[in-house]
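User: I'm new to this one. Can you walk me through it?

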Amino acid sequence: MAREIIRKDTAYAAKANMPDYDKERASFSWEDAKAELDGLPGGKLNIAHEALDRHIANGNADKTALRWISKDGEPTDFSYRDLIGQTARFANVLRSIGVEKGERVYSLLGRVPELYVTALGTLKAGSVFCPMFSAFGPEPIQSRMEIGGGKVLVTTKALYRRKVAGIRDRLPELKEVLLIDGDGSMDGTRNLAALMKDASPDFPVEPMDPEDMALLHFTSGTTGKPKGAVHVHGAVVAHKTTGRIALDLRPEDTFWCTADPGWVTGTSYGIIAPLTIGATMIVDQAEFDAERWYRILEEEKVTVWYTAPTAIRMLMKAGADMARARDLSRIRFMASVGEPLNPEAVVWSNDVFGMPFHDNWWQTETGGIMIANYASMDVKPGSMGKPLPGIDAGIVARQDGGVNAVDDQMVIGELALKPGWPSMMRAYLHEQARYDKCFVGGWYLTGDLAMRDTEGYFWFVGRADDVIKSSGHLIGPFEVESALMEHEAVAEVGVIGIPDETAGEIVKAYVALKPGYEESDDLRLDLIGHARKRLGPAVAPKEIAFRANLPKTRSGKIMRRLLKARELGLPEGDISTLESDEK
Ligand code: ATP
Ligand code: MG
């Protein structure tokens, strides 16, 4: 399904933070990258220092760090100095209630300014920050807080009443609940605003060892029960470096990462990377709305935009005219993460915005971007790009308990990384065996299948769990989904294999249609015909089912395992992160 390569204008490429991928790769070292951090005396460091406090000495403190847009569209600005003061107050509050270094502070908040203060204030105090999606129900909250042994929870009155009060007695380690809108009327909680008011706005950033735990992030739960990935303060060098190289971020940028901090993207790139670089970041409190998003891009003069395939597909569904009605000329770079980005979406964005979305790949476990399409590099639609300078990626095959490198081009194998980069997870909390299983033969195995082409571009095939074996063919759902996405009627599609006596498995596609299209047998045949033409009969779906929506995680990933469980009448497994539902 080769698409035309999107060539980069040489003048544009020359202005990128990384003008030449090969050169940077040849000369890059993490030691040099580390030297660009400010650091703290004695080889110590702290993410909060790199993100906030260091900007006092470099004269950036009065610049806007965070422009927060409320649900009703009102912007409020917070300068670096404002955030430095507020996070100091928060850190002092933690100290005053007896919270120590290394203890876990959880948040259960929507995208409100207090969330950002909690995250960075916790890091400043040397405690560990663990964000949860505010839409989680009591059960996922309980299990995550139990795993991390949460000592403090920062939330709102309404969220506490609805979701936490009923499970509080099952959380013996939870000592303090701080309500951002508390008034002292709820038992067992404190009023954070009042505590903050009384606290000092000065707090010397806690000097941390680079290996000290900073963040606890739960994976998305796409393939099963979420795992708690541990990240350390030293990861900040990767956040900053990848922000600079993979997102082309600069201090003068207005950067909008649309992810919620409940998901790792919303912390690594929705908080840490832009602030360490000294940019201005946009945070929108509201949920996705195509019209609103285009308005924000235009009015806030966003220059770098980082979003996800689900959102892009919804923008495509809303139509190009909505985008064309806006002045989006300030945008310089657009990137996408979280799921494979269909080539159709890359081509569409290049037509509509005059530049493509740059797909990049990483995981909660990797802490930061690992494989990316860069500003200066030609884009092959459908490819996730090349490994970051400083990252060795390979394709491997598991064999007899070990692994072999697959050196052949365009041969499917498991995507693997050479361990040792700064933002690599240090543990799955309390799951040592599961963690150990990720490392085989000197590689970290990602659980994703991919291929590499002759020019070193990587191509995502599918998660190892999702790959379909049909009549001797290994079929990646992404390829089939991408072919169906080209059809004018298709808004979204999820592909699974279902058991079949003769073929082993056959390919089945679940399709959500664009507005104006009705499901019918004719359309079903048309879709199958289109897929056969693009993929051949062996790979094209044999069955198509129409759905209004596909089941997705809160971070926007299609849950193919749920499509399959429902198809086969099997137990649904862990659905704590399920967002939209087709039922
Ligand atoms: P869980 O591990 O709990 O099943 P998850 O893997 O979805 O959930 P995340 O860490 O949020 O949790 O997501 C990482 C995964 O998302 C990757 O392993 C990959 O499967 C997918 N992914 C992320 N970015 C891309 C991309 N650009 N292209 C293809 N897949 C991607
Ligand atoms: Mg995963």
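Predicted model: local features only at pLDDT ≥ 70, side-chain atom pairs only at ≥ 80, totals over all residues.

User: How much does ligand 1 expose taken alone, and what share does the protein bury?

Analyst: Taken alone, ligand 1 exposes 630 Å². The protein buries 97% of that.

User: Which side chain has a polar atom 2.4 Å from an oxygen atom of ligand 1?

Analyst: That is Thr 222. Ser 220 also has a side-chain N or O atom placed 2.7 Å from an oxygen atom of ligand 1.

User: How many residues surround ligand 1, and which are the closest?

Analyst: There are 23 residues around ligand 1. The closest are Gly 221, Thr 222, Thr 223, Asn 360 and Thr 364.

User: How do the shell residues divide into nonpolar, polar and charged?

Analyst: Six are nonpolar, ten are polar and seven are charged.

User: Which strands each supply at least two residues of that shell?

Analyst: Strand S14 (357-361) and strand S23 (458-463). S14 gives the most, with three residues.

User: OK, S14 then. What sheet is S14 in?

Analyst: S14 belongs to an open sheet of nine strands with mixed pairing. The order is S2-S1-S11-S10-S12-S13-S14-S15-S16.

User: Which strands are at the edges?

Analyst: Strand S2 (75-79) and strand S16 (386-387). Each pairs on one side only.

User: How many bridges join S13 to S14?

Analyst: Three, and the two strands run parallel. S13 covers residues 333-336. Ser 336 has Asp 359 in S14 as its bridge partner.

User: Which helices lie across S12, S13 and S14?

Analyst: Helix H13 (residues 309-318) is one of them, running at about 105 degrees to S12. Helix H15 (residues 343-353) also lies across those strands, at about 145 degrees to S14.

User: New topic. What is the order of the open sheet with three strands?

Analyst: S26-S27-S28, and its pairing is mixed.

User: Why is one side of S26 and of S28 left without a neighbour in the sheet?

Analyst: Strand S26 (490-500) and strand S28 (543-546) stand at the edges. Each has a single partner strand, so one side of each has no neighbour in the sheet.

User: And what does the twist average?

Analyst: It averages 25 degrees from one strand to the next.

User: In what sense do S26 and S27 pair?

Analyst: Antiparallel, over ten bridges. S27 spans residues 504-513. Gly 497 has Val 507 in S27 as its bridge partner.

User: What lies across S26 and S27 here?

Analyst: Helix H18 (residues 521-535) lies across S26, S27 and S28, at about 130 degrees to S28. Helix H19 (residues 560-568) lies across S26 and S27, at about 55 degrees to S26.

Notes:
Residues numbered from 1 in each chain as written. Chains lettered and ligands numbered in written order. Heavy atoms only, no water. Near = heavy atom within 4 Å. Polar contact = N/O pair within 3.5 Å; in protein donor to acceptor, adjacent residues only side chain to side chain. Areas by Shrake-Rupley, 256 points an atom, 1.4 Å probe, with all protein chains shown as cover. Helix = DSSP H or I, 4+ residues; strand = E, 2+ residues; numbered from the N terminus. Nonpolar A, V, L, I, M, F, W, Y, C, P; charged D, E, K, R; others polar. Pairing = 2+ DSSP bridges. Axes fitted to C-alpha atoms, helices over the stretch in contact; angles between N-to-C directions. Contact = heavy atoms within 4.5 Å.
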